[in-house]
Amino acid sequence: MRFGIIGNSPLLNYAIDTAIQVAPTDVSVLITGESGTGKEAMPQIIHFKSTRKHNEYIAVNCGAIPEGTIDSELFGHEKGSFTGAHETRKGYFEVANKGTIFLDEVAELPLSTQVRLLRVLETGEFMKVGSSKTQKTDVRIIAATNVDVQQAIRKGKFREDLFFRLNTVPIHMPPLRDRKEDIHLLFRKFASDFAEKYRMPVIKLTPEAVDLLESFRWPGNIRQLKNVAEQISILEKNRSIDRDILIIYLPGYSQHQYPMIIAREDNEEDNEKQLLYKILFELRSDFKDLKELVFSILKSDSGKIKLTENNSELISKIFEAEAHSDSLTTIARPSDSTTTIQLPGNQHIVQHTQPIQDFVEVNESLKLSDKEKELIIKALKKHQNKRKYAAKDLGISERTLYRKIKEYDIN
Ligand SMILES: Nc1ncnc2c1ncn2[C@@H]1O[C@H](COP(=O)(O)OP(=O)(O)OP(=O)(O)O)[C@@H](O)[C@H]1O
Ligand SMILES: [Mg+2]
């Protein structure tokens, strides 16, 4: 364990090695990385491994200090320089002389403060607020940020010259998802700490839960992992945590896991609309064919007609989809190769050619939900139950398909 940093992944080790290597020099260091990746431990490594370690180490959260007082906090002020400035005050740059200042969330500094900071970095000179006297200081600066600095520069929120000056040596803290081998290690450490803190037996993950833990995207990185370990430690009576329990603590698991699907899930409504359109379209086309068929039957002398090649094709087309459907009933099996199809109004048609299919009764349900279920079953059969391809064919997301399979209780 180094300065409370747990982990042994190559990217983390690289960051720590860089910090140790740069420590004895006086160069500025900029630490970048997503929120919760552990940036705050780095400046301590650098300071305590440097020759400045016996002098002041001051950590300043630039994002937490109001804009109106930040210059005064950093550089001090003269008595009477503004309302409420009853005394002359030393700023951190004066106090930390010969030591180290850690400017956390440095991108939050106002532009005017950035100018002062650049000056102190370049010349070691600064002036108290309300003073015209230049002072000297010898401070090592380490800065950190979780924002995209290049973007902040493009937006005019961060001075490029200051960035270059701070970024003499950059250290990037890797996100947790790029250090999968550390995830379970960290979790076990946090779980054991919280067990001690709350005086409860330590929680333990099943192998499936470990897999889930390691495959989660951890957008809040180690901070989030620590929170999850704490929540489970407090809330779960059963100290053996399986996958189903763990998933409850991983908000939006699948969304974070499959970013491509989120984008599609946003359009879930569109997907459903598309499916409905598809069903309506099929219904309409079936209906048109049926109309033609009925028309041709009515035109014949009796209710019974011998089917021509054309009609055979038409029937085949109409009933093809329903051949295996539960909503259609086989009413008779002919002894020869004739096929009788019952139509509404007591009409039926007999086919003397090769049977197109089993006998069916056209009492088909026209409920959209039934149709939808049918279409889903059809798509699943077509793709040998491979949901990915079935969903693609249906024009819906895999998640929507999964939901509908559950909804309609399709096996
Ligand atoms: N390697 C580690 N081992 C143990 N604990 C860690 C480690 N890295 C981070 N932590 C813990 O995770 C939490 C978040 O870390 P930290 O505050 O350094 O994040 P950060 O990178 O500064 O995030 P932000 O940009 O949001 O300020 C802290 O509680 C810290 O103690
Ligand atoms: Mg931080």
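**Entry 1: a pair in a helix**

Because Lys 189 and Asp 193 lie four residues apart in helix α8 (residues 180-198), about one helical turn separates them. I looked up their side chains and found a salt bridge, 2.8 Å from N to O. My rule for a salt bridge is a side-chain nitrogen of Lys or Arg within 4 Å of a carboxyl oxygen of Asp or Glu. Lys 189 is partly exposed at 28% relative accessibility, and Asp 193 is partly exposed at 31%. For cover I call a residue buried under 20% relative accessible area, exposed over 50% and partly exposed in between, with a 1.4 Å probe and protein chains only.

**Entry 2: ground rules**

I am working with a predicted model, so local features need pLDDT of at least 70 and side-chain atom pairs count only at pLDDT 80 or more, while totals for chains, interfaces and linings use all residues. Residues are numbered from 1 along each chain as its sequence is written, chains are lettered from A and ligands numbered from 1 in the order written, and side-chain values use heavy atoms, leaving out hydrogens and water.

**Entry 3: the whole chain**

I counted 18 helices and 13 strands in the protein chain. These are DSSP runs numbered from the N terminus: H or I of at least four residues for helices, E of at least two for strands. Of the 411 residues, 42% are buried.

**Entry 4: the sheet**

In what order do the strands of the five-stranded open sheet run? I read β2-β5-β8-β1-β9, with parallel pairing; two strands pair if DSSP finds at least two bridges between them. The edge strands, β2 (57-61) and β9 (169-172), each pair on one side only.

Strand β8 (residues 140-145) pairs with β5 (residues 100-104) in the parallel sense over four bridges.

Is β8 mostly covered or mostly open? It is mostly covered, with six of its six residues buried. Arg 140, Ile 142 and Ala 144 are buried on one side, and Ile 141, Ala 143 and Thr 145 are buried on the other.

My rule gives a count of 16 salt bridges. Asp 138 and Lys 98 form one of them, with the closest N and O atoms 3.8 Å apart. This pair links distant parts of the chain, 40 residues apart: Asp 138 is in the loop between β7 (134-136) and β8, and Lys 98 is in the loop between α4 (92-95) and β5. Asp 138 is partly exposed at 30% relative accessibility, and Lys 98 is partly exposed at 45%. I also found both residues in a network of salt bridges that links Asp 26, Arg 52, Lys 98 and Asp 138.

Asp 161 forms a salt bridge with Arg 159, the closest N and O atoms being 2.8 Å apart. Asp 161 is partly exposed with a relative accessible area of 32%, as is Arg 159 with 29%.
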